[in-house]
Amino acid sequence: MSILNVEHLSHGFGDRAIFNDVSFRLLKGEHIGLVGANGEGKSTFMNIVTGKLMPDEGKVEWAKNVRVGYLDQHSVLEKGMTVRDVLKSAFSWLFEMEEKMNEICDRMGEASPEEMEAMLEELGTIQDMLTMHDFYIIDSKVDEVGRALGLDAIGMDNDVTELSGGQRTKVLLGKLLLEKPDILLLDEPTNYLDEQHISWLTRYLQEYENAFVLISHDIPFLNSVVNIIYHMENQELNRYVGDYDKFQEVYAVKKAQLEAAYRRQQQEISELKDFVARNKARVATRNMAMSRQKKLDKMDIIELAQEKPKPEFNFREARTSGKQLFVTKDLVIGYDEPLSRQLNLEMERRRSRWWEPTASERRRC
Ligand SMILES: Nc1ncnc2c1ncn2[C@@H]1O[C@H](COP(=O)(O)OP(=O)(O)OP(=O)(O)O)[C@@H](O)[C@H]1O
Ligand SMILES: [Mg+2]
């Protein structure tokens, strides 16, 4: 049974086609890696399946009652909320239930015996729901995820809009994990994360029982958490069973086979064309030429994707600079308040240095 089913999807921006009649399915428990070069359309695909973007054509179908959690590549956070507030907002639906429970309790005084019975039953259901979803241990759950992602070191009571890109990613990721959705959609979650937290996320995803779709350019990370690869290239989306390394193997074989078939077909085309050109004028051979021409017209022409230009970097030789490239003395970086202590940095050609100023150096500055 598919959790998500996408059929005949086509989309473009202006005259730039992104998808041409692609299909995709997500089955229970699948851990999918969505890969492809920059600009191929991975984030666009996520925006389409989450309903943020209407496709030009095609069908997107989710199974009923599936809760989807999406970590966007460019998510924003609201000003005035602390790290703890954002994490706690993962449970907002449970707080709404608690409110409902309190309302029922308030109304109980005036209830008839029959109404009372119905109310008690509803209270029981809500109570069970709250217990099952960790409502009474929310604070410890929030602290646990906060610690795992290093958010406690940032300060759980700091305003989220004052955080750096990496810190914001961690907060959003923490919230998503606390929400425990049925499906996780993650668009480059390791961007900005440091090594220790990538390891934590790796373990988390390895043990994740539900399905997820993960976009990442981090190959070792992908290899350790996914079991299916969807590869996006030239407006196509192709499914490969296995991790990223397995995909690369199969892809290389497929590409080599296609190239060999292309070369064989090009050779055949040129021979047929040559035959037609030499024989179409003569009455005796015209019929044969015509039949070769028909064969040419009916051929399914194999097309090879154009090789994408590889980036190339050249650094021109410049005049040799002075020995010292730059020096900082007690440099403090910050906005309204300092973020760093006094920094003393020195960069020389071929070597850099950081030092703590001595008391006499401090006096001289
Ligand atoms: N709203 C938009 N309007 C016009 N063009 C867009 C829009 N969103 C994306 N594009 C274009 O569509 C293409 C696919 O973009 P997308 O962000 O989906 O790529 P991606 O595969 O996620 O790349 P990356 O790996 O760099 O994140 C790009 O050429 C991009 O410039
Ligand atoms: Mg993207």
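Tutor: Let us begin with a pair of helices: Ile269, Leu272, Lys273, Phe275, Val276 and Asn279 in α10 meet a set of residues in α11, namely Thr285, Met288, Ala289, Arg292, Gln293, Lys295 and Leu296. By class, this contact of α10 with α11 has seven nonpolar, three polar and three charged residues. Please keep in mind throughout that this is a predicted model.

Student: At what angle do the axes of α10 and α11 cross?

Tutor: The axes of helix α10, which covers residues 244–279, and helix α11, which covers residues 283–298, cross at roughly 150 degrees and come within 9 Å. Because angles over 145 degrees count as roughly antiparallel, α10 is roughly antiparallel to α11.

Student: And is the crossing of α10 and α11 left-handed or right-handed?

Tutor: It is a left-handed crossing, with α10 passing α11.

Student: OK, how about α3 and α4, are they parallel or antiparallel to each other?

Tutor: Helix α3 (residues 92–107) and helix α4 (residues 113–132) have axes that cross at roughly 155 degrees and come within 10 Å, and they are therefore roughly antiparallel to each other.

Student: Which residues of α3 and α4 meet?

Tutor: On the α3 side they are Leu94, Met97, Glu98, Lys100, Met101 and Ile104, and on the α4 side they are Met119, Glu122, Leu123, Ile126, Met129 and Leu130. Sorted by class, the residues of this contact of α3 with α4 come out as nine nonpolar, no polar and three charged.

Student: What about α5 and α7, how do their axes cross?

Tutor: The axes of helix α5 (residues 138–148) and helix α7 (residues 165–179) come within 10 Å and cross at roughly 135 degrees, and α5 and α7 are therefore oblique to each other. In this pair, α5 passes α7 in a right-handed crossing. Lys141, Val142, Val145 and Gly146 of α5 make the contact with Gly174, Leu177 and Leu178 of α7, and by class that contact has four nonpolar, two polar and one charged residues.

Student: Changing topic, what surrounds ligand 1?

Tutor: The residues around ligand 1 are Phe13, Ile18, Gly36, Asn38, Gly39, Glu40, Gly41, Lys42, Ser43 and Thr44, and by class this shell has two nonpolar, six polar and two charged residues.

Student: Which helix gives the most to that shell around ligand 1?

Tutor: That is helix α1, residues 42–49, which gives three residues to the shell around ligand 1.

Student: Last one: how is the protein chain divided into domains?

Tutor: Domain 1 is made of residues 1–74 + 179–242, domain 2 of 78–162, domain 3 of 260–298 and domain 4 of 324–364. For domain 1 and domain 2, the C-alpha centres lie 30 Å apart.

Methods. Residues numbered from 1 in each chain as written. Chains lettered and ligands numbered in written order. Predicted model: local features only at pLDDT ≥ 70, side-chain atom pairs only at ≥ 80, totals over all residues. Near = placed C-beta within 6 Å. Helix = DSSP H or I, 4+ residues; strand = E, 2+ residues; numbered from the N terminus. Nonpolar A, V, L, I, M, F, W, Y, C, P; charged D, E, K, R; others polar. Domains from an automatic or database assignment. Axes fitted to C-alpha atoms, helices over the stretch in contact; angles between N-to-C directions. Parallel < 35°, antiparallel > 145°, perpendicular 65-115°, else oblique. Left-handed = near helix turned anticlockwise from the far one by under 90°. Contact = placed C-beta atoms within 7 Å.
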